[in-house]
Amino acid sequence: MTGLSWLGAEDPGLREWFAARPRALFAEIALDRFVGLVDGLGEETAGRALAAAADRIAAFALPAGRVWRLRGACLLLATDAPAALEDPEGFAARLLEELAAPLAVPPYTLRLNASIGLALVPEDASGPAAALSAADRALYAAQRSGVGRSRRPSPWSAEARSVPDFTRALAQALERDELALHYQPFVDAADGRIAGVEALLRWRAPDGCLLAPPQFLPRAEQLGLMRGISGWVLDRVIADARHWRRAGLDDLKIAVKVSTVQLLEEDLVDQLELRLARADVAFDQFEIELSESTLLRDIERIREVLRRLRSYGVGLTLDDFGVGGAGLVQLPRYPLSKIKIDRDFVGEVAHDQGQAAIARAIIAMGRQLHLKVMAEGVETEAQVGYLRRADCDQLQGYLFCGPLPPAELDPLLHQRYLRPELFAKGSASRTLLLVDDEENVLRALQRVFRREGYRVLATSRVAEAFELLASNEVQVIVSDQRMSELSGTEFLGRVKELYPRTMRLILSGYTDLASVTEAINRGAIYRYLTKPWNEDELRHHIREAFRTWEGLG
């Protein structure tokens, strides 16, 4: 169990780790029914099982996480990985799946279940000690609800705080100046230039927790507080817009979420016009984000308000498109300017045919309706590469920047570009990708093409091949047929769906006539070549493949 140490709430290692990470997820992981494992197999075997589980957690969390032992069969994982911060529950679900896989503890193969308590800093707790306490309460709640569960502290739960106390605190949040706005940038997919920022409301509750809107706005609506909160948000956004305009950032778009209730207010546009005039800020600096539920209402008053806002130059964005139930028939009825691809369709877009097809369809639909398309939840370079090649207009996610207070965001805005190196990659012509799970074969193939003037990419792993395809403009692919992860014909079949313009060749010492014939007939394979190869013939076939690709262009 490499590097695993016992931990207390005041452990200097934890404080040192946290000091460099102002935002983090703490996951307290308890192996369920571990006492039965000790009784059945003995302490020595149970100890090795715990060590193996800890190693698996550490491998899952690399490179952004660290694992400690809290007590007994309870471990702590601390991580600042973007995927964990953006979707703690999804991260915990994947970790539970990882732990449930068979675990080799010779001479046994064991199946372990676990429960997880989550705490996000600073949203659920203000520091390491408070996070440990919050994660501990959440773990207890998870264990009470059954085996293999995860929980996160909720502001509505008895474990976190009483509902009456929460209600009273929320009612006083405005007068106590506890509300705040954080902003998350979004960038132009062409070059990484910051195109705008999205305003995100936060509430710093009296106990120090920084709460996101789903954790308090439903209760605020019940208490009739939304008009006051909405007015505060407008004033704060306009003040920040004026600050950025005076700093020379007058082309910066600011996106603000607006609810159906707000749109039904008769004086919304008039109030906005009055506030903007006082601050000397233009309408066209703003984008208003709408939920799909707003479109489902199909109320004439809402459509009239949106038409009026659009006539002033305000952008109108449909948020989380594809998950809110709105059909395509609603889109032309509203004067929208942008749609956002929900993060659920972005996570595996560079590898999964279904997600890729949905993303491409949304982008194509946006083109037909003259709408910009933005993808949210972007966390990997492969996602950037694929979405850019699919002609997505804008990108947003932790790969570029998470939500920040205005003071922390200012230096980034003046840089104008985020991660520009991602947008300079992959444009070389005549790029050849070699895929074979035998390293010696890859080296031999690279020697064959070394003097041909190609840009040669090579990998022994199918998963890495998809990453390379997403991040680079590849014209020709040569794949082995018999690979441990996926057969060559299956791999190239998936490539055809994701990258239909590539020229795809199989190079194999084995002939599975049925699968090869099927792949050729459905267009997944351009040519089938055999091992051992003749170098001159192989060079000739690859040259022809590039010429064919250029002829198709």
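**A tour of the predicted chain**

The chain has 21 helices and 21 strands. The model is predicted.

Start with the whole chain selected. Of its 553 residues, 52% are buried. Show the accessible surface next: the chain exposes about 24,800 Å², and 50% of that area comes from carbon and sulfur atoms. Then turn to the contacts within the chain. Taking residues at least 6 apart in sequence, 68% of the contacts join residues at least 24 apart.

Now select T502. T502 sits in the loop that links α19 (488-498) to β20 (503-508). Is this residue buried or exposed? T502 has a relative accessible area of 4% and therefore counts as buried, since the cut-off for buried is under 20%.

Next, move to R451. R451 belongs to the loop between α17 (439-449) and β18 (455-459). Its relative accessible area is 82%, so R451 is exposed; the cut-off for exposed is over 50%. T502 and R451 are both loop residues, but T502 is buried whereas R451 is exposed.

Methods
Residues are numbered from 1 along each chain as its sequence is written. This is a predicted model: local features need pLDDT of at least 70, side-chain atom pairs count only at pLDDT 80 or more; totals for chains, interfaces and linings use all residues. Side-chain values use heavy atoms; hydrogens and water are left out. Helices (H or I, at least four residues) and strands (E, at least two) are DSSP runs, numbered from the N terminus. Buried means under 20% relative accessible area, exposed over 50%, partly exposed in between (1.4 Å probe, protein chains only). Contact means heavy atoms within 4.5 Å. Accessible areas come from the Shrake-Rupley method with a 1.4 Å probe; for residues, only the protein chains shown count as cover.
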